[in-house]
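The sequence and structure come first.

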Amino acid sequence: MVDNLMDLTHETYVHTTSIGQKEIDETPVTTKTEGDHVTTSRFMDNVMPPPFWKANLRGNNLADDVPVDRWQVCHFVPPSHVMIEVGVAHAGKGGYNADPKDKVSSIVVDFLTPETETSMWYFWGMARNFNPRDKALTAQIREGQAKVFSEDMEVLEAQQRNLAKYSDRRLLMLNIDAGGVQSRRIIDRLIAAETTPQQPVAA
Ligand SMILES: [Fe+2]
């Protein structure tokens, strides 16, 4: 799940009718680790908004038929939290840093809770900063996001089946996987620290 959320390139292929667009796949990501915090970012300038973002622009009384600057900034923090800053601003207004009147932005919160070796609870939400009291908009976003995540689930379950079937094979790591790879390294280090008994230090 962390791999999925730290590499949103899949949106182009898995979420074609909502948040996917070809520019995601065409724009490289920047990934960095600071301590236990991994950030992977992608900024797409001057692109047409996909359906989900068109609806959100309308939800904030903004034109939806004009180019936008779109961003995705994914944050992993241990043990298993991913928070993703997402949004679009009317093109040329400052993008991520645009004035609130020119943009729609949210933080997708993902609290992943392992259940067994191969299953987990996935708690998600989306905190938005535009028209927060509009209940109809909330319902519409929740419905849209649930559909997006059901698309992810189909892929994730197929991946899990493949991992089980070919457990001797190594995962292929591409450039776009850097966010997931760096997050996995932190998890591995924390697990090792937790399971390795502390050796007494000779005086
Ligand atoms: Fe997805």
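His10 and His15 are both buried, that is, under 20% relative accessible area with a 1.4 Å probe and protein chains only. The model is predicted: local features need pLDDT of at least 70, side-chain atom pairs count only at pLDDT 80 or more, and totals for chains, interfaces and linings use all residues. Residues are numbered from 1 along each chain as its sequence is written, and side-chain values use heavy atoms, leaving out hydrogens and water.

**Iron site**
- His10 (NE2), His15 (NE2), Asp152 (OD) and Asp152 (OD) coordinate the iron ion at 2.1 to 2.4 Å; donors are N, O and S atoms within 2.8 Å of the metal (3.2 Å for Na, K and Ca), and sites may look incomplete because water is not among the atoms.
- Along the chain, the donors follow the spacing H-x4-H-x136-D.

**Largest cavity**
- A cavity is a set of points on a 1 Å grid over the protein atoms alone where a 1.4 Å probe fits but cannot get out, and lining residues have an atom within 4 Å of a point.
- The largest cavity has a volume of about 250 Å³, a volume being the space filled by probe spheres set on grid points joined across faces, edges and corners.
- Of its 20 lining residues, Glu11, Ile19, Val108, Val148 and Phe149 are the closest to the centre.

**Second largest cavity**
- The second largest cavity has a volume of about 30 Å³.
- Its lining consists of Met6, Asp7, Leu8, Val29, Thr40, Ser41, Arg42, Gln72 and Cys74.

Technical notes. Buried means under 20% relative accessible area, exposed over 50%, partly exposed in between (1.4 Å probe, protein chains only). On a 1 Å grid over the protein atoms alone, a cavity is a set of points where a 1.4 Å probe fits but cannot get out, and a pocket is an open set with protein on both sides within 12 Å along at least five of seven lines; lining residues have an atom within 4 Å of a point.
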